[in-house]
Amino acid sequence: MNTPPSPSGAEHTDGSSIRLGALVPLTRPGWVEAGRHLLAGLDLAVREVNDAGGIDDRPLELVVRDTAADPERAAAAVDELAHLGVAAVVGEYHSVVARAAAARADALGVPFLCSSAVLDTLTEAPTEWVARLAPAQAYGWRIYADFLLRTGRRRIAVATQPSVYWASGTRVLRDHLAPRGGTVLELDATLTPRALCDALVDHGATALLLLVGHPEPAVPIVRAVRGDRRLAEILIGAPAGQPEFAEWAAALGEDGAGIPFLRYLPERLGPLGERVGKELHERLGEAPSFVAFEGWDTVAVLAAVLRAHGTDRAAIAGSWPRVAVEGTRGPIQFSRTPGISVWQWAWTPIQVVDRDPAEPDRFRILHAG
């Protein structure tokens with residue numbers, strides 16, 4: 001498994017450092033841009049901890065493993081990291097990959113703080129070993145469904161690919177919309193763009209949600225719908241957050257604006273969030289996504305836990321219910337939430353946002369949960 005150089009400083013081979021394993025999608029077919037933002041947040045927080053003296057004078061060290069959006073690769077990485085003696089595993093963006101990592105961490109007795117994945121069922125059974133910062137999919141996607149209803153969109157079509165994550169999202173939308181007069185039509189994303197547009201017209205859809213990968217097939221679908229005069233009034237949406245990243249704007253330009261997505265940020269950042277955001281902007285060379293803030297918050301939580309409870313894995317896992325950390329997006333605490341098998345921050349701030357058609361580099365807050 002390829003291992004990039006430790007971005008948080010020199011490798012410590014004398015046992016003096018406290019190692020954190022970091023799972024990040026850094027190569028295709030993983031969402032590389034999300035991985036880059038996640039790693040930037042993790043790395044910045046590690047550097048800040050070390051600049052402040054580390055943990056009891058011991059530096060933190062990130063041991064990074066590229067998951068490439070592959071569940072088996074992620075599970076193998078957890079095995080390797082456990083063998084290397086990491087105190088905990090952090091990170092991951094893709095929900096299906098995080099689920100594989102969580103299952104392996106649970107089996108091995110390694111604490112896993114999941115940074116960004118949202119799939120409700122990260123583990124098949126309740127576990128003490130896993131905690132999560134990102135909101136559960138059922139919670140965030142219900143907020144998105146409320147936004148659709150508020151804007152008068154009730155005939156919803158979803159272009160979807162086979163995936164536990166997309167199937168779960170479709171189910172959340174259908175269960176929330178149906179009692180409120182909404183319908184959800186599933187369209188296979190392997191349809192040609194023309195055939196998909198014809199199906200939208202035939203159904204009288206008022207919104208099309210992209211439950212698909214990026215850039216393929218999301219980009220050609222958007223271009224086809226935008227170019228079809230019959231669908232001039234349809235809303236294109238992307239609840240999973242594809243338009244958050246600069247790669248989306250670069251690929252689609254004006255066609256990529258006005259597509260609402262979920263973003264896990266407050267309406268206004270506090271002083272800590274503002275400071276971290278500026279640092280992340282300098283590192284990334286662009287505005288940081290919510291994923292970068294998730295990375296920073298992850299290390300902030302683990303640093304507080306390590307200071308209070310040391311590096312014993314069982315002690316770290318046992319500390320989740322006692323966490324009280326000021327994160328970039330608000331106070332972070334974990335609790336047991338109905339229907340969620342891991343310790344959950346309930347809840348991070350959630351917005352429905354789009355890129356302003358008049359200024360695609362600017363985001364508009366359309367709805368807040």
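Not counting residues up to four places away in sequence, Trp320 touches Pro111, Phe112, Leu113, Glu128, Trp129, Val130, Ala131, Leu302, Phe334 and Trp343. The model is predicted.

Trp320 belongs to the largest nonpolar core, which has 79 residues. Along with Leu60, Leu113, Trp141, Val301 and Phe334, Trp320 is one of the residues that touch the most other members of this core. Two of these, Leu113 and Phe334, are also among the residues that Trp320 touches. Helix α10 supplies the largest share of the core, 12 residues. A second core of 24 residues is separate, and its members include Leu200, Ala218, Ile236 and Leu252. In soluble globular proteins, nonpolar side chains tend to be buried together.

Helix α10 spans residues 290–309 and also holds Asp297. Asp297 counts as buried because its relative accessibility is 0%, and the cut-off for buried is under 20%. Beyond its neighbours within four places in sequence, Asp297 is in contact with Leu133, Gly327, Thr328, Arg329 and Ile332.

His94 is found in a loop, the one between β3 (88–91) and α3 (95–108). Is His94 buried or exposed? With a relative accessible area of 17%, His94 is buried, since that value falls under the 20% cut-off. With its neighbours within four places in sequence left aside, the contacts of His94 are Pro25, Gly30, Trp31, Ala69 and Ala117.

Note on methods: Residues are numbered from 1 along each chain as its sequence is written. This is a predicted model: local features need pLDDT of at least 70, side-chain atom pairs count only at pLDDT 80 or more; totals for chains, interfaces and linings use all residues. Side-chain values use heavy atoms; hydrogens and water are left out. Helices (H or I, at least four residues) and strands (E, at least two) are DSSP runs, numbered from the N terminus. Buried means under 20% relative accessible area, exposed over 50%, partly exposed in between (1.4 Å probe, protein chains only). Contact means heavy atoms within 4.5 Å. A nonpolar core is a set of buried Ala, Val, Leu, Ile, Met, Phe, Trp, Tyr and Cys residues joined through side-chain atoms within 4.5 Å.
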